[in-house]
Amino acid sequence: MSSSESHAQEAHGHDDHDDGKVHVHIAPAKFYWGIFGALVVLTIITVKVSYYDFGSANTIIALLVATMKASLVAAFFMHLRHDKLFNTFAFLSAFLFLGIFLLLTSDDLFKRGRTDNAYGTKVFTPTGEVAPGGFQSAMVVPSASAGGHGEGHGEPPKHH
Amino acid sequence: MSAKGGHPNFLQHHFDTPAQQFDASKLGMWVFIATEILMFGGLFVAYGIFRGNDAEVFFSAHQLLDKKMGALNTIVLLFSSLTAALAVRSAQVGKRQQTSLYLVITIACACIFLVVKYFEYTHKLHDGLLPGHCFGHPWFGDKCLDHGGPAQPLSVEGLPPRANMFFALYFAMTGLHGLHVVLGMSILVWVLIKNIKGHFSPEYFTHVDLGALYWHLVDLVWIYLFPLLYLVG
Amino acid sequence: MAAVDIEHGGHGGHDDAHGDPTAPYYKAKTGWKSWAYTLDHKRIAWLYLTAVALAFLAGGIFALLLRLELFSRGKTIVDAETYNRFFTLHGAIMVFLFIIPSVPGSFGNFFLPIMIGAKDVAFPRLNMLSFYVYVLGAIFALTSIVVGAVDTGWTFYTPYSVQTSTAVISMTFGVFVLGFSSILTGLNFLVTIHTMRAPGMTWGRLPLFVWGMYATAIMQVLATPVLAITLLLLIFERFFGAGIFDPKLGGDPVLFQHFFWFYSHPAVYIMIVPGMAIVSELISTFTRRQIFGKFAIAMSSVGLAILGFLVWGHHMFTAGMSEFSTMLFAALTMLVAIPSGVKVLNWTATMYKGEIRLVTPMLYSMGFIFLFSIGGLTGLFCGTLSVDIHIHDTYFVVAHFHYVMMGGTVMGFLGGLFYWWPKMTGKLYEEGLAKVSFALVFVGFNVTFLSQFIMGSRGMPRRYYDYLPQFEPLHKASTIGSWILASGLFLTAYILLKALISGKKAPPNPWGSAALEWQTATPVPLSNFAETPIVTRDPYDYHLASPEELYDGFPEDREKAAAKPKKAEEKAEKKAEKHEDKDDDE
């Protein structure tokens, strides 16, 4: 009997008890209501913030609040907090690979034409405007101003 | 459901213990949730790219969405997540009728969500805020869906060019999400029926747990959709 | 005492519904419904094997047709529009209907549970569902072929795939559905490996085939959903003219390529890692020793799974990406070559001073190592940014990926078929004829594709219906090679089917392998093992394996031999177990 228990434990035994039965953490109902309250508060915050203009911080705040709400739902409503660690790992790895997808795709989509900008040879893909200067030899040394007009998303030509 | 010689009825024959079966089911559900995150995530990446290129256009276009309806839907879904979690809890402590009640409320919230969405969509149809070639053609008029046909996207009053991209993404993202709301409702109805028939107990509530997990996923997606579509800064 | 008894294979009366757990798995229940509605992973494996074999035949026929068209310049048998459909269908069928489901669906399903000492996969009903989802996807693909097929290439690049009047939506929807079959299989295997290992089967003792299936499952689960959304977006674009990939509406066609290749690059690792996983098993058995650097090979599979997600842009070097992006992806691509190198070197080290037996599965493994090395090294040429400018979209790339996919995975698959056929069917195939089939396949393959390396490096573009005169001799050679290859493959099918129907009876462990799947009876009982095994050693530990475990004859003969001590000693010598004590028997 004890050998089969230890077998159960060895093969898949991270149970707190080794009787093979299902044991879960059961939270009081009030706790779930409390989490819901927090979620509502966060929603109100994010809606209110959207009425003000904080520039690019708006998006960051919105995503931060959304992530806090998502974390509360995942940790407590979905019980990740008291579940096997690997489940959390599986959940988070999806976001990790999504992040890789977004990062490397935006490395392309938002950085088009940068090298050519330095030589003044290209059109800007988002707007189709022709950069001044037209085609030039790639041997031309870039001027200091053309090289350093900064990183960023979809640079409109007026900043060029 | 009582054990016969140590072998509960709900234990499938290829598993050794109920704990093993439960752990496997949960892990399977979480892996599935990961796949759904990646699928929706693709749309979020497309959104991120286009918004990054055209931030002003997205800002202008999003103002045609009704923030209040979006916020209402958010609260509705959050509440439904609460009731789904409470349904699981009730099943865990063996309160069958309470489980059914919470499941019914969750399903009702899902219906409210869909009704609100219906009103939002019909507004868009009316205003011609439709994807691609149908942009500017209310109710898919002028044969705008004809492949290679004459209808071109028209500019809509008050909106800059390429605003159609925002609405293409809006429909793709909320449409896929809406489909998952319907699927989630169906799953919860199925779980409700099983619960009424008395299939669950404190030893075996896996279906309720997994059904609720799916529903929470639907909520999670909306938690991100709402600020990105309705609250563009 | 509420203990759950795990010592015995069944749970008493419950198994009458599933069949006698000790009966051979293909006899436990009879009738077509017992196959169509089966939940037994071994029968599901046969369903998949049959399906992917048919897909291989279909994809192969399209290959032969397109090679026939390319035999001479200008029109040979069909016009250009039909030719476009040939290469598109060849690619789509081979990738989505054959190679991706092939190893996980057949050998993965059959052997994964056995190799970890389990009775089945974690979710048998999901397993059955994954097969029927495959069939549904195949039906959509077939519908597309029947109503006019597709001519976009298997990559469905925009804008052409949005504009062409061919049956894109039915084909892409079919692929979408097939993707879910792949996801369900991967999910099932992931959970199975995590939760259903037998007592003593630690992660460190997992066979390399299981590690390979694990890495493949990770990729299937993480990458395929992005394919799903890509195809949905394509359908959305085609149906609504949404504009996400259309520059006139503010979209970007290269974005489609990012979406597509984010899945399709890991997909090529989904294709190769299972083939490598098979080769690890074969090399160990046929050199009769522990795999050199087993942990490194296991980790390299996982490494490929993860690194494979970082390099998709190397398919898009000439597509119009930013220069920064091209440089970044080129650098990352160099990294992904490392795990493959680890495997090839470790396999070679395993073979060094091993007791090599040159039977057909081993020939295929050695063929794999040789051909995959060529394919992998030419992959480095393709991944080198400056070189790729010249060889992208030429036959060089075509040859590269056929060397890794066919010279790699298909060789591994065929080797696995010969290796495991005795365990799966209980019959032995004819070794002599099998060697002939290997020779035909190997020679035919190289003639077909080596010519393509040469053509491609000299500028012959891919997917072209017509070509310049200087390429004609090489095209002719390639086509002739395809006929040799096809004859080898048809011969292989004949050999295996003949063995299935009328082959000699196979002993439980004809190869004398130390691995766990050979320690159960042949044919495999319904519940895989008579008793749940308790694992005490690594599957490749030949010096720890007992003579009983390594015995390659029939159990009845061994018992007779035990009664006659002298003959028992002779048999022991023949088995060439130099590490065993001779005083083990009476």
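Me: What makes C:Leu54, C:Leu57, C:Ile61 and C:Phe490 a nonpolar surface patch?

Reply: In this predicted model, whose local features need pLDDT of at least 70 and whose side-chain atom pairs need 80 or more, while totals for chains, interfaces and linings use all residues, side-chain values rest on heavy atoms without hydrogens or water. Residues are numbered from 1 along each chain as written, and chains are lettered from A and ligands numbered from 1 in the order of writing. C:Leu54, C:Leu57, C:Ile61 and C:Phe490 make a patch of about 390 Å², and it is called nonpolar because patches join such side chains within 5 Å (like charges within 9 Å), taking residues with over 30% relative accessible area and no salt bridge. Helix α2 (residues 41–69) of chain C gives the largest share, three residues, whereas C:Phe490 lies in helix α15 (residues 472–502) of chain C.

Me: Why is the meeting of B:Asp16 and C:Lys119 called a salt bridge?

Reply: The distance from N to O is 3.1 Å, and the term asks for a side-chain nitrogen of Lys or Arg within 4 Å of a carboxyl oxygen of Asp or Glu, so the pair qualifies.

Me: How do you know that chain C and chain B are in contact?

Reply: With contact meaning heavy atoms within 4.5 Å, 48 residues of chain C touch 39 residues of chain B. The two chains bury about 3700 Å² between them, 74% of it on carbon and sulfur atoms, where buried area is the accessible area (1.4 Å probe) lost on being put together, summed over both parts.

Me: Which elements give two or more residues to the side of chain C that touches chain B, and what is the residue make-up of that side?

Reply: These elements are α4 (124–146), α5 (160–163), α6 (168–195), α7 (208–240) and α8 (253–287) of chain C, with α7(C) giving the largest share, twelve residues. The side divides into 31 nonpolar, eleven polar and six charged residues.

Technical notes. Helices (H or I, at least four residues) and strands (E, at least two) are DSSP runs, numbered from the N terminus. Ala, Val, Leu, Ile, Met, Phe, Trp, Tyr, Cys and Pro count as nonpolar, Asp, Glu, Lys and Arg as charged, and the others, Gly among them, as polar. Accessible areas come from the Shrake-Rupley method with a 1.4 Å probe; for residues, only the protein chains shown count as cover.
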